[in-house]
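Here's a quick briefing for anyone opening this model for the first time. Have a look at the structure, then read on.

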Amino acid sequence: MSQKKLLLIGGAIWALLLLAALWPQLIAGYDPIQSNPLRALKPLGTEGHWLGTDYLGRDVWSRLVHGARPAMLMGLGATAIALVGGVLLGLIAGLGGKRLDTFLNGAFDVLFAFPDLLLALLMITMLGAGNFNALLAIGISGIPTFARLMRGEIRRIRNSEFVMSSTALGVSRRANILRHILPNALGPVVVLASLFVGRAITYGASLSFLGLGPARPTPEWGLMLADAQLYLSMMPWLAIFPGIAITLSAAASVILARALRRTAE
């Protein structure tokens, strides 16, 4: 598939997610929190609820649309934390002395021995459950990935011919960093950031499924999956639709990352 088509597909999915996150009332007519036990567990297309209702009589479509906001906040917020922290540590490791680089690289190796989600769970164990703590934990757990990539790019570019030529011509170290090293090193990091947004959304939903994210009755995709467990045999769509939303957001992130990587190449 061509680069333009990839960008178009990924951009369209992200545009829909952003629209749902910023203006959910435009495409969802029901209150996602208000319950109505008399309309509980209605099938698809019943009485204006075209995705049915959940066990408390809440409109599934409205909860799905309003769930885009906490998902996008989780994805973008956690990515921002991981990006800023990783870039700073990568700069320090890549431009610092040999001892500092060896120490930080060793720390990165230790953290890489643990999966990101496991690190996030360890962070939540220390911070406590909650939406903000989950966001913070996912963001911090992603810092080593960004830092390792940033360090490697800086060391590669620092030893490249054009940087050495610039140094030989008398350009200062600070100017080389700002004009040559940093701009060229950020390209792969931006691609990783695009990929990490989808990962953060998936991790956030996973933590919510385990009861470590936002509290009920917040409309959130992971909570919707958790609530649907008891009704899978008779109403499987209660789990299918939030699962599709999580999958689409992750897929859009991968598509955009691939398109950005091709552009960088």
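The protein chain has 10 helices and zero strands, where helices (H or I, at least four residues) and strands (E, at least two) are DSSP runs numbered from the N terminus. Keep in mind that this is a predicted model, in which local features need pLDDT of at least 70, side-chain atom pairs count only at pLDDT 80 or more, and totals for chains, interfaces and linings use all residues. Residues are numbered from 1 along each chain as its sequence is written, and side-chain values use heavy atoms, with hydrogens and water left out.

**The whole chain**
- Along the sequence, the pattern reads α-α-α-α-α-α-α-α-α-α.
- The C-alpha atoms fill a box of roughly 80 × 45 × 25 Å along the principal axes.
- Of the chain's 265 residues, 45% count as buried; that's under 20% relative accessible area, with exposed being over 50% and partly exposed in between (1.4 Å probe, protein chains only).
- Take the contacts (heavy atoms within 4.5 Å) with a separation of 6 or more: 70% of them come from residues 24 or more positions apart.

**Charge**
- The chain carries 22 positive and 12 negative side chains, and the centres of the two sets sit 10 Å apart.
- Lys and Arg count as positive, Asp and Glu as negative, while His and the chain ends are not counted; each charge is placed at NZ of Lys, CZ of Arg, CG of Asp or CD of Glu.

**Inside helix α6**
- Thr145 is part of helix α6 (residues 131-158).
- Thr145 counts as buried because its relative accessible area is 16%.
- Neighbours within four places in sequence aside, Thr145 touches Phe112, Asp116, Leu192 and Arg199.

**Cavities**
- A cavity is a set of points, on a 1 Å grid over the protein atoms alone, where a 1.4 Å probe fits but cannot get out; lining residues have an atom within 4 Å of a point.
- Residues lining the largest cavity include Asp54, Arg63, Met224 and Tyr231.
- Helices α2 (60-66) and α9 (221-227) are the elements that each give two or more residues to that lining.

- Most residues other than glycine have a negative phi, and most peptide bonds are trans.
- Leu41, not a glycine, has a positive phi of about 55 degrees, and Leu41 sits in the loop between α1 (3-22) and α2.
- The peptide bond from Arg216 to Pro217 is cis, with omega near 10 degrees, and Pro217 lies in the loop between α8 (173-209) and α9.

Conventions: 1 Å grid on protein atoms, 1.4 Å probe; cavity = no way out; pocket = protein on both sides within 12 Å on 5 of 7 lines; lining within 4 Å.
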